[in-house]
Amino acid sequence: MSRRVQTMNADERQVLATSWLTMQRNWWALEALHRQLKEQPQEAWLTLLCVIETAEDPEMLETIGAGPLEDLLRSHAEEFIASVELEAASNSKLRIALSHVWVRRKRDHEITQRLVALGCQFIGEPP
């Protein structure tokens with residue numbers, strides 16, 4: 001089965017090239033946030049709130065929710081659940097991001113129930 005290759009025009013190629021270079025120049029930010037998530041979760045939470053506030057569209061909020069916000073909640077949900085609930089009550093962008101977080105704990109687990117109530121998606125018990 002052959003795969004049809006879509007060609008780009010010069011403007012599309014330039015956008016791709018510029019975007020790729022921007023990502024490479026700022027790769028350090030991904031690594032820095034990942035390090036915060038592991039070593040300084042309180043700082044990571046504050047950084048995530050800033051990132052969420054700065055996000056310019058729902059697609060970015062989806063990426064934040066399915067990425068670093070999910071990572072924070074998987075590792076530190078018990079520590080942050082009250083803060084997340086409080087912030088989500090008045091932060092619509094956070095609620096959008098939360099709707100893209102997948103929760104991997106048992107249904108009867110209190111923290112899981114609270115996360116699902118915030119809009120996180122339950123994906124069942126881990127294997």
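**Helix contacts**

A: In helix 3, Pro41, Gln42, Trp45, Leu48, Leu49, Val51 and Ile52 meet a set of residues in helix 4: Leu61, Ile64, Pro68, Leu69, Leu72, His76, Glu79, Phe80, Ser83, Val84 and Glu87. Contact means heavy atoms within 4.5 Å. Helices (H or I, at least four residues) are DSSP runs, numbered from the N terminus.

Q: What kind of model is it?
A: This is a predicted model, where local features need pLDDT of at least 70, side-chain atom pairs count only at pLDDT 80 or more, and totals for chains, interfaces and linings use all residues. Residues are numbered from 1 along each chain as its sequence is written, and side-chain values use heavy atoms, leaving out hydrogens and water.

Q: At what angle do helix 3 and helix 4 pack?
A: About 125 degrees, with the axes of helix 3 and helix 4 10 Å apart. That makes helix 3 oblique to helix 4. Angles under 35 degrees count as roughly parallel, over 145 as roughly antiparallel, 65 to 115 as roughly perpendicular and the rest as oblique. Axes are lines fitted to C-alpha atoms, for helices over the stretch in contact, and angles run from 0 to 180 degrees between N-to-C directions.

Q: Which residues of helix 3 are buried?
A: Pro41, Ala44, Trp45, Leu48, Leu49 and Ile52. Seen down the axis of helix 3, these buried residues fall within an arc of 145 degrees, so they line one face of the helix. The arc is that of the directions from the helix axis to the C-beta atoms. Buried means under 20% relative accessible area, exposed over 50%, partly exposed in between (1.4 Å probe, protein chains only).

Q: And which are exposed on the other side of helix 3?
A: Glu53 and Thr54.

Q: What do the buried residues of helix 3 pack against?
A: Helix 2 (27-39), helix 4 (58-88) and helix 5 (92-98).

Q: New topic. Is Leu115 buried or exposed?
A: Leu115 counts as buried, at 5% relative accessibility. Leu115 lies in helix 6 (residues 110-117).

Q: What does Leu115 touch?
A: Leu73, Ala77, Ile81, Val103 and Cys120, not counting residues up to four places away in sequence.

Q: Where is Ile96 found?
A: In helix 5. Ile96 counts as partly exposed, at 34% relative accessibility. The C-alpha atoms of Ile96 and Leu118 are separated by 9.8 Å, and the two residues are 22 residues apart along the chain.

Technical notes: Helices (H or I, at least four residues) and strands (E, at least two) are DSSP runs, numbered from the N terminus.
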